[in-house]
Amino acid sequence: MNPTLSKALEIYSTKNHKIFNEHLLSYSKDTLISLFSDLLTMYINDKNSSTIREYLTVTIAGFQHSEKKIGFNGFKHNSVVGGKPIYCEAKPQNIHSAVFENQKNKRKLNGSGNFTDYTWARFLKDKEENPELLISGFVDGKLLYILSFPFQTKIFYNYLEEQLRIHFLNGDEKTNILGVVVLHTKTF
């Protein structure tokens, strides 16, 4: 991280906003552009958070982003009078080209996604709501594609149901030691 950005983050996190704003005003326009660019690059490529990639996927696909941690990632109003909202679930992937070159088993963008901590209860809710799945692919934070299809697309739905049967032999009772199930979808 560049030292100027590091200092700005420290001031933002430890001082009040007036002091932070005064600190930013001491920078030139070019320095501020550089700080903002560095911050966006870090955030969009963060391996531990897909928040900004999720936001971009949802909004570019025409949905209103939901900031709630639990539930669907976004929604849009149904054009049918009195119709319920159309929900969406975003599954962004990001490949880091520098890391990719050094990987033995190169993970490629292939239109797949992950469902972490997925359960039968969630599956039944998704079956009822039929959210639009938005699968997006990024390389170094640059959006390359968004694939969109309804949850109830037969081949996808059947594959996900099969994965749940494998991982949850006794309903939602977890069958693995850690209690975390990640279901990987594949390209159909």
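**Exercise 1.** By class, how many nonpolar, polar and charged residues does the lining of the second largest pocket have?

*Solution.* Keep in mind that this is a predicted model.

Step 1: Find the lining. It consists of Leu5, Ala8, Leu9, Tyr12, Phe20, Leu24, Leu32, Leu35, Phe36 and Leu39.

Step 2: Sort these residues by class. Leu, Ala, Tyr and Phe count as nonpolar, and the tally is 10 nonpolar, no polar and no charged residues.

Step 3: H1, helix H2 (17-25) and H3 each supply at least two of its residues. The second largest pocket itself has a volume of about 170 Å³.

**Exercise 2.** Work out how helix H1 (residues 3-14) and helix H3 (residues 29-44) are oriented where they pack.

*Solution.* Two packed helices are described by the angle between their axes and the distance between the axes.

Step 1: Read off both values. H1 and H3 pack at an angle of about 80°, and their axes are 10 Å apart.

Step 2: Compare with the cut-off. Angles of 65 to 115 degrees count as roughly perpendicular, and H1 and H3 are therefore roughly perpendicular to each other.

Step 3: List the contact residues. H1 brings Thr4, Leu5 and Leu9, while H3 brings Thr31, Leu35, Asp38, Leu39 and Met42. By class, there are five nonpolar, two polar and one charged.

**Exercise 3.** Which strand gives the most to the lining of the largest pocket?

*Solution.* Step 1: Start with the pocket. Its volume is about 1000 Å³, and 32 residues line it, with Ser50, Glu54, Ala90, Pro92 and Thr116 nearest its centre.

Step 1: Look at the contributors. Helix H4 (51-60), strand S3 (86-95) and strand S4 (114-116) each supply at least two lining residues. S3 gives the most, with six.

Step 2: Sort the lining by class. It holds five nonpolar, 16 polar and 11 charged residues.

**Exercise 4.** How many aromatic pairs does the model have, and what kind of pair do phenylalanine 123 and phenylalanine 151 form?

*Solution.* Step 1: Count them. There are eight aromatic pairs, with ring centres within 6.5 Å.

Step 1: Classify the pair. The rings of phenylalanine 123 and phenylalanine 151 are 5.7 Å centre to centre with 65° between the planes, an edge-to-face arrangement.

Step 2: Locate the partners. Phenylalanine 123 lies in helix H6 (residues 120-129) and phenylalanine 151 in the loop between strand S6 (142-150) and helix H7 (154-167), so the pair ties together parts that are 28 residues apart in sequence.

Technical notes: Residues numbered from 1 in each chain as written. Predicted model: local features only at pLDDT ≥ 70, side-chain atom pairs only at ≥ 80, totals over all residues. Heavy atoms only, no water. Axes fitted to C-alpha atoms, helices over the stretch in contact; angles between N-to-C directions. Helix = DSSP H or I, 4+ residues; strand = E, 2+ residues; numbered from the N terminus. Parallel < 35°, antiparallel > 145°, perpendicular 65-115°, else oblique. Contact = heavy atoms within 4.5 Å. 1 Å grid on protein atoms, 1.4 Å probe; cavity = no way out; pocket = protein on both sides within 12 Å on 5 of 7 lines; lining within 4 Å. Points joined across faces, edges and corners; volume = space filled by probe spheres on them. Phe/Tyr/Trp six-rings, centres within 6.5 Å; stacked < 30°, edge-to-face > 60°.
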